[in-house]
Amino acid sequence: MSLSKLFALGLFALGLITLVPVLGVSQTSLKPHPSLNLCQVGKFKEALVGLSTALQTNEHKSDAKLWNCFGLALYQNDDDKGARKAFENAVKLEPGSAIYRVNLAHLLLMNRKINAAQSQLKEALRLDPAISQALYLSGVSDSWEGNFDRALRTADSLILHHPQLSDGYILKSDLLIGRLRLIGETTGNQSKAADVLREAVSILTDGKAKVRETSEAAKLETELSNKTIFADYLSRTPLMGSSAPVNPEPGVTPLKVTYKQKAQYTDRARTAGVQGTITVAVLFGSNGKVLNVLLIKRLGYGLDEQAISAARAIRFDPQQQDGKAVSVVRLVSYTFNIY
């Protein structure tokens, strides 16, 4: 499996970014099929055989919830073609279900069918203007297309309708940081970049005061802690690349990277034809360990997680200031090309 996937009851999250197919509710099933229970607890592989058999019978072939569950199970087994057909069947059987349209949109988005995905999301939001999953995915898809202004408006709408959820605050803070690539990622716009990071921290701080559910609060706290570290650093010190400067300051022995692991391509990114460069800010600790990683420029499709993993595996000799090891932040890039 190329992407890390976490399932809770009726909710599946992937990470900006975080994507959210859900089980939904069917009105067509008089007697729930046992496979639905397996879907509800995330046992999709175990549910596949029973679903495949049930959907060939007259009793269940028109059950939209079973088709939706089948789509999730196929997606988990990397059968995107089969999953798309299953989700399309669920939507056809229950065109008024916003959730089924969201799941179809998620699959389309992960296969870079942006226009088709946005069409499904638009209809889902027409059916339910406050549905959190559709708002989140709309923001994600716009950000991947570089439409940050519209994505930010969607994030604001998500926060307005669901102030108790962490996703809106995290999405908005990530979108603001993502805009750094539009104003320059290095020292050219240092004060602007510091302002953006402080604004991202402010948004997360506001969310912390409103989010109460334990797991949601914990997710928000992790994001807040990480971004605060980089905001504080950037307010004092310019960002630089990981390579040693040509003319270091007196008394400084620059950071020296001794090993940089290659970030792995994901199957879904390759299938979708995604390529480009991911930029991360890395806090290289005085103790010789990578302490924190912050995504600056993203690509999605599981590649962001691969870049973070590779960055955390970097080995280095810490920077020295007057003979003493010090912690520094440097920009590191990972390029993904399809050959």
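Let me start with a term: a residue counts as buried when its relative accessible area is under 20%. Keep that cut-off in mind. And note that this model is predicted.

First stop, S132. S132 sits in helix α7, which covers residues 132-144. Buried or exposed, then, at S132? The relative accessible area of S132 is 17%, so S132 is buried. Who touches it? Setting aside neighbours within four places in sequence, S132 is in contact with L158, H162 and L165.

Next, a helix pair. Packed helices are described by two things: the angle between their axes and the distance between the axes. Take α9, residues 167-178, and α12, residues 214-234. Their angle is about 20°, and the axes are 10 Å apart. Angles under 35 degrees count as roughly parallel, therefore α9 and α12 are roughly parallel to each other. The crossing of α9 past α12 is left-handed. On the α9 side, the contact is made by D167, Y169, I170, S173, D174 and I177. On the α12 side, the residues are E216, K219, L220, E223 and K227. What is the make-up of that contact between α9 and α12? It has 6 charged residues, 4 nonpolar and 1 polar.

Last stop, the aromatics. Searching the whole structure gives 4 aromatic pairs. One of them is F284 with F316. The geometry is edge-to-face: 4.8 Å centre to centre, with 75° between the planes.

Methods: Residues numbered from 1 in each chain as written. Predicted model: local features only at pLDDT ≥ 70, side-chain atom pairs only at ≥ 80, totals over all residues. Heavy atoms only, no water. Axes fitted to C-alpha atoms, helices over the stretch in contact; angles between N-to-C directions. Helix = DSSP H or I, 4+ residues; strand = E, 2+ residues; numbered from the N terminus. Parallel < 35°, antiparallel > 145°, perpendicular 65-115°, else oblique. Left-handed = near helix turned anticlockwise from the far one by under 90°. Contact = heavy atoms within 4.5 Å. Nonpolar A, V, L, I, M, F, W, Y, C, P; charged D, E, K, R; others polar. Phe/Tyr/Trp six-rings, centres within 6.5 Å; stacked < 30°, edge-to-face > 60°. Buried < 20%, exposed > 50% of the residue type's maximum accessible area, 1.4 Å probe, protein only.
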